[in-house]
Amino acid sequence: MVEIEIDGKKVEVPEGSMVMHAAEKAGTYIPHFCYHKKLSIAANCRMCLVDVEKAPKPMPACATPVTQGMIVRTQSNKAISAQKSVMEFLLINHPLDCPVCDQGGECQLQDLAVGYGASASRYGEEKRVVIHKDVGPLISMEEMARCIHCTRCVRFGQEIAGVMELGMSNRGEHAEIETFVGQSVDSELSGNMIDICPVGALTSRPFRYSARTWELSRRKSVSPHDSTGANLIVQVKNHRVMRVVPLENEAVNECWIADRDRFSYEALNGEERLTRPMLKQDGAWKEVDWKTALEYVANGLSQVKTEHGANAIGALVSPHSTLEELYLAGALVRGLGSQNIDHRLRHQEFAPAEGIRWLGLPIAELSGLQSVLVVGSNLRKDHPLFAQRIRQAARHGCAVSAITSAALLKDQGAWAMPLSAHLVAEPGDWAQRLADVAAAIADQKGVSASVAGTSNDGAKAIAQALLSGEQKAILLGNAAAHHPKASSLLALCQWIGEQTGASVGYLTEAANTVGAQFVKAQPRDGGLNAAQMLAGGLKAALLLNCEPGADTGGRPMSGCDMVVTLSPFKANLDVSDVLLPIAPFTETSGTFVNAEGRAQSFHAVVRPLGETRPAWKVLRVLADMLDIAQPACDSSQEVLAQAFGGTAMEAIEPDRLSNRTAASIDATSSPVTLAPVGIYQLDGIVRRTPSLQLTADAREGAAA
């Protein structure tokens, strides 16, 4: 450790730290623009100049290493004068458009200009003009004359997103931040550039000119999309969601969110929202009141139970639903006497539950891995924030290996990180490729492999990577979970993990995949699984946030006499008899359990649209109308307490989380068809978000 003095205060920091890091630890603020704690040091704005004793001139705090006994003054005349001079240069060409700038009220330049700017400018010449650029539907670069060339956006693309989509061309007053050869910005993390831009050069195209920052209320929430469980700040005006930005949580999403977390709010106020219950009568849809709709559903379920038995009733529930909704859906179906409930909508194998499948390690530890093997995943698109953490590990020497298909790994740059080894094979051959890796490990360790395999060069490279280092993991992706031989893939990974000391886990598909397993939203005691229910095994079906086809791997719903859809949107119009409008995550309270088993509860941030009702209330009322015995619940918190057995918990008990399997291994090759799921086709909200559907990823997914 090195001890230095900042403004008379002693502070110890690790050797190699910069003065800026010491100032942060001491609680001393040093003005800056280009410095960001998650990005490399550029030292090109010079706003952080400080007075270092014995230094001949002011030094940039972000790029000056600490030395033992260093004395730093941030408030001396020398430091303040230097900072004011830098501010004068920054304002020479900056446009005077604060009254109309979207960044007004949350602009670092505006804030610091109050303290370090002069009352008048000595620069009387014309300000420079920078032509605006069109870089896609998410980011606006209409006012690049505001850019102060901090290069945060450039470094973010290179270091965090893994794709250098922006760069600086030309020099001096002709310097500009732009894409190369007129390309668009297509990264799935691109919206974070808006947050880190210290001025109004990069702004949100969907939010543009919608509201001023001081008009917005800020409320905490949790993303309903992938299994990261990203923490959000939802900004609201007049009971309408206007913008979504990240809430920093180092253990989960750091200070980043994916674009689908940021922009999907557009769908919440879209034309496809369902705001009143609807019944289909003589082939036409008619709006009705809640009492009529619920009585129709209750009477229909009772009639099906009487005529065909309880086993003719079932529920297909989306793992993007809250824990409370999944718990009450299971209670409703089982209260009717049926075990037909399933959240595994895209799966092709439905093995009996052996434990709650999860990530296998805390999310934060992904950043510190030294070796990782990813099986059956389009990592960057399926789990953008997990990919970002693994990308940081790769930057520090982690060996990233992959076994996946050509469709999921089009080239070595597809994941925007270097791959030390990879085996590309059709899904039907994945088990054999894992067997090859097992054989290579057995050869290197001198043990017997669990199954016959061929120790080829690619398998040897993966084996060598897994046998090296201390922190290592084997991660099964969404496609591996959906695979018809999912149990065999897990069993092979389990053997490899045992031999190499690597943890084994699932990246897990949705916001509540782990939670759905916890509340047993899957069949027991001979109940029908999702594939059987879709294939005609039911006479009456409840669809909770589920859209057959889009959410079920292309499999349609067939053979049902009565289909009840509970959705925030006008979904399933072709197969449903009843539509019940339920609240999306912004209009209800609830809980999501992310891939590491962390339970994160949230409150509604706006009131329900129209006659929308929280799904947990709808399910509770339906159970009452069907005379199903249940404890009284007046809030989602009471439902959550029931789901957790009457105790308040922030995470699922570690002994409930298990990726162990006793399944036998079948490594034979066989034809396998897996329906691709695009990054912006994952759930009903992102599918209805106009801006996301205009992106290159959405167009590519539609073409596939």
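Which residue in β15 is the bridge partner of K280? I looked it up and found W285.

Ground rules first. I'm working on a predicted model, where local features need pLDDT of at least 70, side-chain atom pairs count only at pLDDT 80 or more, and totals for chains, interfaces and linings use all residues. Residues are numbered from 1 along each chain as its sequence is written, and side-chain values use heavy atoms, with hydrogens and water left out.

I see β14 (residues 278-281) and β15 (residues 284-287) running antiparallel, joined by 4 bridges. Strands here are DSSP runs of E, at least two residues, and helices are runs of H or I, at least four, numbered from the N terminus; two strands pair if DSSP finds at least two bridges between them. The hairpin has 2 residues between the strands, and D282 takes a positive phi near 55°.

Next I checked an open sheet of 3 strands, ordered β6-β7-β10 with antiparallel pairing. β6 (133-134) and β10 (203-204) are the edges, each with a single partner strand, so one side of each lacks a neighbour in the sheet. β6 is joined to β7 (residues 139-141) by 2 bridges, and K133 has M141 as its bridge partner in β7.

**Helix pair.** I then went to α11 (residues 430-445) and α12 (residues 457-467), which pack at an angle of about 60° with axes 8 Å apart. Axes are lines fitted to C-alpha atoms, for helices over the stretch in contact, and angles run from 0 to 180 degrees between N-to-C directions. In α11, the residues meeting α12 include V437 and I441; on the α12 side I noted I462 and L467 among them. Contact means heavy atoms within 4.5 Å.
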